[in-house]
Amino acid sequence: MTKTHTLETAGADIVYDVRGPLPTADRRPPLFLIAQPMTADGFTALAAQLPDRTVVTYDPRGLGRSVRKDGRIDHDPEVQATDVHALVEALGGGPVEMFASSGGAVTALALVTAHPHDVSTLVAHEPPLIPVLPDAEAAERAFGRVRSAYQADGSNAGMAAFIAMTSWPGEFTDEYFAAPPPDPARFGMPGEDDGSRDDPLLSDRSRAVSGYRPRVDALTAAPTRIVIAVGEESAGTFTARTSVATAELLGQEPTVFPSHHGGFLGADSGYPGRPEAFARKLREVLDRHR
């Protein structure tokens, strides 16, 4: 059974869901599943594969059901980490276990940095951290082309540019920048401009997420067991490269998970992964690090 709650903070009302009992039936800590800009509903398929665990999901402030009260429109991983810390405290305190994907993995790294006793094991799946890349300047320029396409021609053009960027194999070379902007039709999208310019992924609102620089000293000093994860189908792409580079900074190799960047997504997502296999791997990694 899923229970939905709202945590009121000074800056936002954070809506979160708890699947399973609290306190947990097996005395194992709750398992947090977090992402950004994806909201809690993106974890439906993965949570369904973990019926024996108490699973907590949430909508980051300003996204989905979590309404901001601070008047800001940007998405900052350190601010989001403060929200996740407040959720951990509201549910009885840490340490909890955590699977964090994409921008949520960046938030989770910021959380461990600021509150090292909140998380016992963190599986950080494909954090899109531009500063850790050897070609960071070129990667920021590539992301700038995505934002420019979005601002000029709308969400379909922006998403086409985003897909082209994130699927580009290897470093962003002159060949990448010489290519014309991709046609949205290439990815099965219409070319019309819907007029919106507030997409958290395609605008500059999440620039602090991709531009976050992890504090390696704080992360390695924390009691948290940090596992950097990467999808087996992601090899060579932007978020695979950021994962490999982040793992190297932490003195480890990335742990390979099934499928792609959204490998935990269900068939109804439009970008289905392999949630059953993904959940098995997540269990294995969490159990290994107990």
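I began with strand 2 and strand 5 (residues 67-68), which pair in the antiparallel sense over two bridges. I took strands (E, at least two residues) and helices (H or I, at least four residues) as DSSP runs numbered from the N terminus, and counted two strands as paired if DSSP finds at least two bridges between them. Within this pairing, I noted V67 of strand 5 as the bridge partner of D13.

I recorded that this is a predicted model, in which local features need pLDDT of at least 70 and side-chain atom pairs count only at pLDDT 80 or more, while totals for chains, interfaces and linings use all residues. Residues are numbered from 1 along each chain as its sequence is written, and side-chain values use heavy atoms, with hydrogens and water left out.

I next looked up the other partners of strand 2. Strand 1 (residues 2-8) runs antiparallel to strand 2 and is joined to it by seven bridges; a hairpin of three residues connects the two. I found H5 bridged to Y16 in strand 2. Strand 4 (residues 55-58) also pairs with strand 2 in the antiparallel sense, over four bridges, and T57 in strand 4 stands opposite D17.

I then checked how covered strand 2 (residues 12-19) is: seven of its eight residues are buried (under 20% relative accessible area; 1.4 Å probe, protein chains only).

Last, I turned to H75, in the loop between strand 5 and helix 2 (77-90). H75 has a relative accessible area of 5% and is therefore buried. Leaving aside residues up to four places away in sequence, I listed its contacts, among them Q36, R61, R68, Q80, P200 and R205 (heavy atoms within 4.5 Å).

Note on methods:
Buried means under 20% relative accessible area, exposed over 50%, partly exposed in between (1.4 Å probe, protein chains only).
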